[in-house]
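Reader: I am new to this structure and would like a friendly tour of it. Could you show it to me, and then take my questions one at a time?

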Amino acid sequence: MDMDHDIVVAGGGLNGPALALALQGCGMRVAVVDARPADARGTAGFDGRAYALALASQRLLATLGLWSELAGSAQPILKVQAVQGAPGEGADPFGLHFDGAEIEEGRLGYMLEDRHLYRALVGAMRDRGIAHLPGLMVTGQDPGPAGVTVALSDGRALRARLLVGADGRQSGVAARAGIRRLGHDYGQLALVAAVDHDLPHQGTAHQLFMPGGPLAILPLPGNRSSIVWSERKAAAQAILALPEDAFLEVLRPRFGDFLGDIRLAGPRFSYPLSLSLAETYVAPRVALVGDAAHGVHPIAGQGLNLGLRDVAALAEVLTLARRRGEDIGTDPVLARYQAWRRPDATLLALGMDGVNALFSNADPLLRAARGLGLGVVDSLPPLRRRFMRQAAGLSLQPMPRLLAGRPL
């Protein structure tokens with residue numbers, strides 16, 4: 001088969017471009033098929049959408065040569081506080097408190113707005129000559145013994161060794177490959193917005209466990225924070241429909257007054273929450289990364305970090321296979337990627353699923369037990385530091401080279 005590319009990536013969000021940059025840096029020819037138009041998100045102004053980047057994810061971006069452009073827009077996460085509460089009642093006395101000063105890295109991660117990260121990724125693809133095909137979709141795939149033919153929505157066909165699905169929870173690549181999904185609906189919506197507040201956040205991220213779902217308050221540059229507020233669907237839809245002043249009146253008893261008065265700093269968004277796990281991450285001439293492989297609850301802000309773990313592992317597996325002279329799209333090569341990533345991602349997804357089920361209720365006995373458990377972990381420094389390193393993505397074994405800050 002005459003190959004146009006070594007790899008075609010379906011999906012131009014964040015994981016797809018990151019993978020393309022990692023592979024292109026190792027000499028592979030990559031095309032990214034992006035359903036969004038060329039200027040999507042790249043010229044957007046502030047809208048409050050942001051990601052909690054684990055330290056390991058930041059190291060990957062630095063190794064890809066992107067962090068020097070992004071550092072000035074990133075807010076270091078110096079501390080994390082996780083406590084229970086209820087609207088108008090304030091936080092429980094027991095909780096979990098992480099301080100980045102307790103680990104040698106001095107911080108737990110960074111907050112970075114979507115607009116800055118997307119712009120850096122797409123700009124780097126352009127500058128490094130990666131084929132970026134915006135406004136198109138993958139509409140078909142035909143795997144064969146030597147490669148895969150990928151049909152595009154404009155009638156063209158690309159030929160490659162491997163097709164990577166980075167096209168989200170409703171992955172067309174996965175569906176066409178016959179990959180089934182497991183999971184369930186949480187019956188919750190996530191409300192996403194940004195707020196300005198009177199007092200500085202000191203680089204502290206807050207996770208408040210409420211009966212209707214968790215509320216994350218995540219620091220952005222200046223006296224501003226991003227919120228990810230999970231609520232039961234009916235309540236969330238009613239809250240989202242409120243005018244701005246009424247929305248804030250509902251938020252304030254949950255948010256508290258520890259940052260002074262709050263004001264909306266941009267538009268409000270919502271998205272439904274569910275658990276969605278692909279039964280397999282690979283198929284003939286196909287590999288899945290990011291939400292195409294695992295859609296998880298945002299309770300710990302790990303969605304993008306899990307995707308970048310996939311990117312780092314797949315890039316390393318493919319690069320080493322190519323250096324050995326192997327066909328990078330064959331089953332034995334792809335099996336190494338699945339063995340590396342599926343156990344970790346599944347365990348983390350199911351863990352967040354369990355935490356959401358445990359905390360998203362008002363049972364007084366469970367609330368007491370949960371508070372005691374958080375307090376016990378908080379009182380044991382070695383255990384607390386272990387949890388901190390896990391949250392920062394520093395304890396993954398084996399650690400992909402890109403996540404350790406080492407080039408491929």
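This is a predicted model: local features need pLDDT of at least 70, side-chain atom pairs count only at pLDDT 80 or more; totals for chains, interfaces and linings use all residues.

Reader: Is H297 buried or exposed?

Author: H297 sits in the loop between β21 (294-295) and α8; helices (H or I, at least four residues) and strands (E, at least two) are DSSP runs, numbered from the N terminus. The classes go by relative accessible area: buried is under 20%, exposed is over 50%, and partly exposed is in between (1.4 Å probe, protein chains only). The relative accessible area of H297 is 0%, so H297 is buried.

Reader: Which side chains make a polar contact with the side chain of H297?

Author: A polar contact is a pair of N or O atoms within 3.5 Å; within protein, one must be able to donate a hydrogen and the other to accept it, and residues adjacent in sequence count only if both atoms are side-chain atoms. Another, of 3.2 Å, goes to the side chain of N356.

Reader: How is the chain divided into domains?

Author: The bounds come from an automatic or database domain assignment. Domain 2 takes in 77-110 + 186-274. The other part, 5-69 + 112-183 + 276-363 + 382-404, is domain 1.

Reader: What is the area buried between domain 1 and domain 2?

Author: The C-alpha centres of the two domains lie 27 Å apart, and 35 residues of domain 1 are in contact with 36 residues of domain 2. Buried area is the accessible area (1.4 Å probe) that two parts lose on being put together, summed over both. Carbon and sulfur atoms give 63% of a total of about 2,800 Å².

Reader: How many salt bridges does the rule find across the interface of domain 1 and domain 2?

Author: A salt bridge is a side-chain nitrogen of Lys or Arg within 4 Å of a carboxyl oxygen of Asp or Glu. The whole structure has 23 of them. Across the interface of domain 1 and domain 2, the number is 4.

Reader: Which residues meet E102 in a salt bridge?

Author: R384 pairs with E102 at 2.9 Å, N to O. R384 lies in helix α11 and E102 in the loop between β6 (90-99) and β7 (109-113), so this pair ties together parts that are 282 residues apart in sequence. By accessibility, R384 is buried at 11%, whereas E102 is partly exposed at 27%. E102 also forms a salt bridge, at 3.9 Å from N to O, with R385.

Reader: How many residues apart are D185 and K233?

Author: The side chains of D185 and K233 meet in a salt bridge of 3.0 Å, N to O. The pair links distant parts of the chain, with D185 in strand β13 (residues 181-197), K233 in helix α6 (residues 233-240), and a separation of 48 residues.

Reader: Why is helix α1 described as largely enclosed by the rest of the structure?

Author: What covers its buried residues includes β1 (7-10), β2 (30-34), α4 (114-127), β12 (162-165) and α8 (303-323). Among the buried residues of α1 are N15, G16 and P17. The helix is largely enclosed because the number of its residues (15-24) that are buried is 9 of the 10.

Reader: Where does the side chain of S171 reach at 3.4 Å?

Author: S171 is in the loop between β12 and α5 (172-176), and its relative accessible area of 4% makes it buried. Leaving aside neighbours within four places in sequence, S171 is in contact with L288 and A292. At 3.4 Å, the side chain of S171 reaches the backbone nitrogen of V173.

Methods:
Residues are numbered from 1 along each chain as its sequence is written. Side-chain values use heavy atoms; hydrogens and water are left out. Contact means heavy atoms within 4.5 Å.
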